Amino acid sequence: MPYWGQILYLIEGRNLMATAAQAVTSTILNIEPIDLAYAGLKEDALKGEVAVVTGGASNVGLGYARAIARAGAKVVIADFNAEAGAETERVINAENGPGTALFVKTDVTSESDIKNLAEQAFEKFGKVDILVNNAMNMRLNGPILSSPISDLDSSYAISGRGVALAIKAFVPGMLERGHGVVTYSATQFHFMPPMVGGTVYCAGKAAATSVMMSLANEVKDTGVYVFCLTPAGVARIDFSKLPPPQEGMPKFDPSMFAMPGFHGMIPPEAGGAAMVYCILHAKELHGSGIIINDAFDAMNYPYPNPATLHKRESRRLSDLELTMTFCNMGPGFKK
Ligand SMILES: NC(=O)c1ccc[n+]([C@@H]2O[C@H](COP(=O)([O-])OP(=O)(O)OC[C@H]3O[C@@H](n4cnc5c(N)ncnc54)[C@H](O)[C@@H]3O)[C@@H](O)[C@H]2O)c1
């Protein structure tokens, strides 16, 4: 078992490690049992809904897909990793009952793949209510100076084009029914800060966030709600198995997770619970972004809590505010 799988995850002073009954195991996927009860979430909270999760066969997306299914929804996993995707379908069906999950091998940058994804999703489940845009190739994270321009093309293709293709495939149906949620796994870094990410990664993520925030305006007052959720430290990683860094990038240093305000790695199962919570509160989040620790904070009490909202502006950040926050912390902008 990987190192991070052995430690007790403490976030905001609470143990968010899943404790649940369904002990489905996998030799391919790095999973722990999932249980929504600790987060005060009901297992039928999303009953009747159908979700598509891109990049749903690994880490963050896997946690989202499993938690959304645990909350009673049907789930379509769209990922280009066929082995992990098929295993994700098996795990979710074993945890929730046959027919809960469908895996469709999909490259989100391909128009024909997204068309096939939509056809299969509609054929199996009749509709899609929730679109979770989450796919990304995390290796596309080098500096602009030393990365081939094809890396930037790929980053924009997955983040910008991929998100736009999925929106065009699934949002029209949501608008027809006046019911839907579109979300995106954003980053809080819209340019490269000193210690994380890379220019190529941040540029693609910023493009997708721009599409999302603009979509929020396009679908205003339709019953379709759009927001970004920033996972920020969601992983169960075996650091010893990490590939070597790309040229120009520093060697990964786990001690960076000791930085102030950072609570350590968040297990994907807990990340999934936060996503379920945010989906249930999508109307309040419409047109904004939320960082996962703030979602956990909010899960302690009715959301949003007016008593704390004005004290902690970070609870509900607009995209502009997010960008401004990190601009002020970035290189060349030291106060
Ligand atoms: N992990 C974090 O803490 C964190 C922080 C901020 C943002 N994010 C965002 O969350 C998302 C998931 O991150 P992760 O850490 O789980 O990454 P990951 O690499 O573990 O998973 C990404 C998944 O996307 C799939 N994928 C990649 N390219 C694809 C494509 N073209 N078509 C379909 N599927 C594709 C991969 O096969 C994989 O299953 C990413 O968008 C990432 O930018 C993560």
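The model is predicted, so local features need pLDDT of at least 70 and side-chain atom pairs count only at pLDDT 80 or more, while totals for chains, interfaces and linings use all residues. Residues are numbered from 1 along each chain as its sequence is written, and side-chain values use heavy atoms, with hydrogens and water left out.

**Around the ligand**

- The ligand has 25 residues around it, with S58, D79, Y201, K205 and G233 the closest (a heavy atom within 4 Å).
- K205 puts a polar side-chain atom 2.7 Å from a ligand oxygen, a polar contact being a pair of N or O atoms within 3.5 Å.
- On its own the ligand exposes 830 Å², and the protein buries 88% of that (Shrake-Rupley method, 1.4 Å probe).
- Two or more shell residues come from each of α2 (59-70) and α6 (199-218); helices here are DSSP runs of H or I, at least four residues, numbered from the N terminus.

**α4 against α5**

- The axes of α4 (residues 111-125) and α5 (residues 149-177) come within 10 Å and cross at roughly 35 degrees (lines fitted to C-alpha atoms over the stretch in contact, with angles from 0 to 180 degrees between N-to-C directions).
- From α4, E111, I114, L117, A118, A121 and F122 meet R161, L165, A166, A169 and F170 of α5 (heavy atoms within 4.5 Å).

Terms used: A polar contact is a pair of N or O atoms within 3.5 Å; within protein, one must be able to donate a hydrogen and the other to accept it, and residues adjacent in sequence count only if both atoms are side-chain atoms.
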